[in-house]
Amino acid sequence: MLIPQTWSLASYEYILSTKTFLRSMGISGILAVGGTLLSLIVTSSLAYVLSRRRLKGRKFILFAILITMLFNPGMIPNYLLIDKLGLMDSIWALILPSLTSAWYVFLMRNFYMEVPDELEEAAKIDGCSDIGVYFRIMIPVSASAMAAFGLFFAVAYWNTYFAGVLYINSDALRPMQVILQLMLVQSSTQVADPSVAQMLGSEQVMPPQVIKMAAVVISSIPIVVVYPFLQKYFTQGMMVGSVKG
Amino acid sequence: MSLPIERVQEGAAYLPSQAKPGSKPGALHEWKKAFKRDKYLYLLAVPGLLFFLVFKYFPMWGLSLAFQNYSPFLGFWDSEWVGFKYFAEFFSNPDFMILFRNTMAISLLNIVFFFPIPIILALLLNEVRLMVFKRIVQTIVYLPHFLSWVVIAGICFLLFGQADGIVNKLIEQFGGKPVAFLIEPNYFWGMLTAQSIWKEAGWGTIIFLAALSGINQDLYEAARIDGANRWNQMRYITIPGIKSTIIVLLILRLGQVMDVGFEQIYLMMSGPVAHVADVFDTYVYRVGIQQGRFGYATVAGIFKSVVGLILVVLTNRLAKKFGEEGLY
């Protein structure tokens, strides 16, 4: 009974033909691409600035960021903030609150601290401003760290789930993990969302189990395909200045 | 015996000479100069600083909700102030002990059963001499770290569901009775621990592998000359070589006992297991966001954050005592 008798891709074809799943994949795709780019820019620019020893006020800023790592006000204040900012039910609510974190800024700062000062000085002599140094020297120099952090950010955005539950109400903006969860955890009769219920509907020739399995595979494929190529970068990226012994 | 007094006097004598940087003449001028010189650097930091200000510092204001009977219609300013009413209510509520017990149980199970596994796995990987094989194994064991909790929970439901889970179908085929893996309260904590191990144990090896690669290779050669076999080398060189890393990570892990995986528990939680599954975050979500009792739920959140803060600071100090770099 558990050994497959025939191979079939019908369930994959079926899922990829449903509007609900494709649309949610699109949302998660936008998050993974757009969110990652924004995250990389915000994280690396701040990390670069904080790696410059001459910067006045650096210690204060570092301490202020450290506090956010140690103390988290929790779900309710964050929820009310999103509400007050008018971001409720907007895709920005899934991107902005997770743009970066103290941990990522510190890790990337460690990376920039190991870039020799001569590189910066040479660029300055050639007439680069600090912004020019950042875009023309520091970003290219940190390509491997960017690849590693990019992977971490992209995976986190692709896997966005609870923020979708908390902040998104309209069907059109639901990220994929939310739709996937509705499909997986509830049986076809319990699903509140009619479009999801329809996907698992009993009129289908396939058992819902098969459709569920296929959905799990589809949602994980992008990660499984991309990640092995970036593996060599993230072991580097993770270790930058963080472990010394 | 008079040491502490001496120290105080020393400190007192030292104080006046420690002038505040802000009170020095020309401090403002220095700031202006630095700002002019590095204006583009400061500009570059603006997006990041804005993020921390808006999304990490503004919400701290929301902590005042704990002292308010917050009404969304009245807002922060006009809602009624209730002092410590919600604190008294939360700590006297039997829910509090249940939340605390569940958090501690889930965390301690995690420390006892999860924590050693990445170490063992890293030691095993370290003994693999065929690099291709090692790399393939690493790729496979890191992978689950990147899967979402929705996927992990989903796989778990597909495997262990009572009516149509694969494991139960196998059990039935061999003539057994189906087991209610997912809704039996006695299995719930074990299920969470097993899930965490499956998802994160491989990823956890990275830090130990890095520590292992820092061991001086000459030691092994010397040991081999002295006739140590592979087992002895692991026992007397490898394990002592990563002992300090293990101790520090364990200490830092103890500082995070209040943090249990919210998404994981939220996804695995159901009616029959609610009394063993409920932790601070799930409680805050249910009572605060779903039932709209913002002030009361904020108290639960604050309790978790404050205890977490104290533990992190204490354990970090302890880690530094061992002469290691702490979390910060």
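This is a predicted model: local features need pLDDT of at least 70, side-chain atom pairs count only at pLDDT 80 or more; totals for chains, interfaces and linings use all residues.
In chain A, the UniProt record (unreviewed entry) places the feature "transmembrane region" at residues 26-48, 60-79, 91-112, 133-158 and 210-230. Two of these spans were examined for their secondary structure and extent. Residues 26-48 of chain A are 100% helix and 0% strand, with end C-alpha atoms 32 Å apart, while residues 133-158 of chain A are 96% helix and 0% strand, with end C-alpha atoms 31 Å apart.

A helix pair of chain A was then considered. Helix H2 of chain A covers residues 19-51 and helix H9 of chain A covers residues 143-158, and the axes of these two helices come within 8 Å and cross at roughly 140°. Because angles over 145 degrees count as roughly antiparallel, and the crossing is at roughly 140°, H2(A) and H9(A) are oblique to each other. The crossing of H2(A) and H9(A) is right-handed. On the side of H2(A), the contact is formed by A:Met25, A:Ser28, A:Gly29, A:Leu31, A:Ala32, A:Gly35, A:Thr36, A:Ser39, A:Leu40, A:Thr43 and A:Ser44; these meet A:Met146, A:Phe149, A:Gly150, A:Phe153, A:Ala154, A:Tyr157 and A:Trp158 of H9(A). By class, the residues of this contact between H2(A) and H9(A) comprise ten nonpolar and eight polar, with no charged residue among them.

Chain B contains 17 helices and two strands. For chain B, the UniProt record (unreviewed entry) lists "domain: ABC transmembrane type-1" at residues 100-315.

Helix H12 of chain B, comprising residues 217-225, packs with helix H13 of chain B, comprising residues 230-254, at an angle of about 145° and with an axis separation of 10 Å. The crossing of H12(B) and H13(B) is right-handed. In this contact, B:Leu219, B:Tyr220, B:Ala223 and B:Arg224 of H12(B) meet B:Gln233, B:Ile237 and B:Thr238 of H13(B), and the contributing residues are classed as four nonpolar, two polar and one charged.

Methods. Residues are numbered from 1 along each chain as its sequence is written. Chains are lettered from A and ligands numbered from 1 in the order in which they are written. Side-chain values use heavy atoms; hydrogens and water are left out. Axes are lines fitted to C-alpha atoms, for helices over the stretch in contact, and angles run from 0 to 180 degrees between N-to-C directions. Helices (H or I, at least four residues) and strands (E, at least two) are DSSP runs, numbered from the N terminus. Angles under 35 degrees count as roughly parallel, over 145 as roughly antiparallel, 65 to 115 as roughly perpendicular and the rest as oblique. A crossing is left-handed if the near helix is turned anticlockwise from the far one by less than a right angle, and right-handed if clockwise. Contact means heavy atoms within 4.5 Å. Ala, Val, Leu, Ile, Met, Phe, Trp, Tyr, Cys and Pro count as nonpolar, Asp, Glu, Lys and Arg as charged, and the others, Gly among them, as polar. UniProt positions are given in the numbering used here, feature names are shortened, and annotations may be inferred rather than shown by experiment.
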